[in-house]
Amino acid sequence: MSKFKKAVLDTSLFRRSYVICLFCSNISFVVIPAYAVLAVLFIWGIFLLIYNERKHRTILKTRFGAWLLAFLISTTVTAIIHLASTFLYNAINLIMLLHMAIIFFIFYAVHTEKHLNFRRELYSICRFIVYTTTVLGILGLAFLMAEISFEVLWFKFIVYENRFDGMFINPNQLGFIAVVAIFCSHMLIKKDFISISGRERVSRIWIGSCIAVNAISLLLCDSNGAMILMIGYAIFFLIYKMFGSERKFSMRQIVTKSAACLLAGAVIVMAVFFVRNVTQEGFVKIMESASESKIISSDSLTDMIAHDEAAVTFEHENKNLDSGRFVLWEQAAKMFIKNPIMGISKGNVYEYGKQMFEDGIKFSKDYGLLAPVMTDFHNGYITILVCSGVVGFVLFCIFGLRFFKHISIHVFRDDSLSESVLPCMYAFLCSYVIYSFIEIGLLYNLNFMVIFFWLILGYTSCFLVKYEPSHELGTFVLFGKTVRRAWL
């Protein structure tokens, strides 16, 4: 087999390329070429999807794959039913369904690849994120301290609506990537992860720098969603440390440890938001001092004018607690009633919003020309419910509940995971499930958030297969083919 053909059939190489490309799509001035490359990778993904199914029967081997396949079929039927409503947008939505198939049966289904060392693949992605975010974070903070801020096209460089966005396209993306970088740094210090992956340990200087830089970026971007993701990660990991160390607990231990978790969670929440306020105020004073020094050393009128401009405070301009989401969810409820059983299809959200509401769907104008494709309800579950109806929502929830039920049992039963990445990934996934209540996060979006969630879900499923081998769960016959019961 030639090197080129081997590379084309390398699913691991595809996953790494796809994730890195979507990561780069969040970087200012790189987003356009990144999506151009992504178009090529998308075609590659469709080819691998078909090839792997024909060659390895991937779908029938995917753990709980029946529910994902049923959800995909249901959502496709919904899109076809509504195809005539807004043909162009629904046609684009059909392409998005192919992306969902890639997510399900290439990213999540990584556990079907028998001879893959998934830790080595995860290690390469973590290392890329740690190195890249550290460099970009240092550059962003350096530009911020030098008070270099400007706009080109729709890119707002360094400061976006009074919030720090660094080298990324907006503060929310920066916040999410900062949390991901800290999460990756945490995994890279796990001994089992390094030894089994067969790679060298990343320098502690790099890891320390990554955590410090991204923590500062997270505090300055003022993204409440990203902050909830970070706090959730810390709390869920704490819960694991409390309950994952032993197999059996007395009622007294359960009550005591639960109370300790609640108290520690409250302390973490208060401490994080206190540190965020102090950090933001500290940077404001540092920047004001630097500006005053420049003005004192110069008699330039332009310097005086620049000094009188509104200073950056790193606070969200929208002071509402929900940031307008309650209005958005109220609109979603009205659209859900329009077709509650099968949903209205993602391709109709924008157009139906224009028809039903005077100003259309809230926030849709912020997306500009991409509004018909990008308009969302800023809640992953509501988006699925409105777009795929009760049928699709129930199918998706069955998959999610079955997966988390099975993996939770093993995370808290195995007391030898202290140096494994499984508790880290489990804590991240649990936190992400909460994060998805207030952000675009589960499906229907071609972005780094969604793909990273399913990537980590796939790596976690590799542990599930280890604990629950398919051959031990029995088989049944479907359409003349032998199927593992793990499929359901």
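Modeller: Gladly. Buried means under 20% relative accessible area, and 51% of the 488 residues of the protein chain count as buried. Please keep in mind that this is a predicted model.

Biologist: What makes up the protein chain in terms of helices and strands?

Modeller: The protein chain has 19 helices and five strands. Its accessible surface comes to about 22,800 Å², and carbon and sulfur atoms hold 66% of that area. Among contacts with a separation of 6 or more, 76% are between residues 24 or more positions apart.

Biologist: Why is aspartate 222 called buried?

Modeller: The cut-off for buried is under 20% relative accessible area. Aspartate 222 has 7%, so the label buried applies. You will find aspartate 222 in the loop between helix H10 (204–221) and helix H11 (224–243).

Biologist: And what makes the phi of aspartate 222 worth a mention?

Modeller: Most residues other than glycine have a negative phi. Aspartate 222 is not glycine, yet its phi is positive, near 55°. Tyrosine 444 is another such case, with a phi near 70°.

Biologist: Why does valine 30 count as partly exposed?

Modeller: Partly exposed covers what lies between buried, under 20%, and exposed, over 50%. Valine 30 has 30% relative accessibility, so valine 30 belongs in that middle class. The loop between helix H2 (11–24) and helix H3 (31–56) holds valine 30. Together with Phe29, Ile148, Phe150 and Val152, Val30 forms a nonpolar patch on the surface, with about 360 Å² of accessible area in total.

Biologist: Which residues touch the most other members of the largest nonpolar core?

Modeller: They are Phe104, Leu144, Phe448, Phe452 and Trp454, in a core of 132 residues. Helix H19 (residues 448–467) gives the most to this core, namely 14 residues. In soluble globular proteins, nonpolar side chains tend to be buried together.

Biologist: What is leucine 144 in contact with, apart from its neighbours within four places in sequence?

Modeller: Leucine 144 contacts Ile158, Val159, Phe164, Leu220, Phe283, Met287 and Phe314. Contact here means heavy atoms within 4.5 Å.

Biologist: How do you know that strand S2 pairs with S3?

Modeller: Pairing takes at least two bridges between two strands. Strand S2 (residues 155–160) and S3 are joined by three bridges, so they pair, and they run antiparallel. Tyrosine 160 stands opposite arginine 163 in S3. Two residues separate the strands of this hairpin, where glutamate 161 has a positive phi near 50°.

Biologist: How many bridges join strand S1 to S2?

Modeller: Three, so S1 (residues 150–152) and S2 pair as well, again antiparallel. Glutamate 151 has lysine 156 in S2 as its bridge partner.

Biologist: Which way do the residues of strand S3 point?

Modeller: Arg163 and Asp165 point one way from strand S3 (residues 163–166), whereas Phe164 and Gly166 point the other way. In a regular strand the side chains alternate between the two faces of the sheet. Those four residues of S3 are all buried.

Methods. Residues are numbered from 1 along each chain as its sequence is written. This is a predicted model: local features need pLDDT of at least 70, side-chain atom pairs count only at pLDDT 80 or more; totals for chains, interfaces and linings use all residues. Side-chain values use heavy atoms; hydrogens and water are left out. Patches are made of residues with over 30% relative accessible area and no salt bridge: like charges are joined within 9 Å, nonpolar side chains (Val, Leu, Ile, Met, Phe, Trp, Tyr) within 5 Å. Accessible areas come from the Shrake-Rupley method with a 1.4 Å probe; for residues, only the protein chains shown count as cover. A salt bridge is a side-chain nitrogen of Lys or Arg within 4 Å of a carboxyl oxygen of Asp or Glu. Buried means under 20% relative accessible area, exposed over 50%, partly exposed in between (1.4 Å probe, protein chains only). A nonpolar core is a set of buried Ala, Val, Leu, Ile, Met, Phe, Trp, Tyr and Cys residues joined through side-chain atoms within 4.5 Å.
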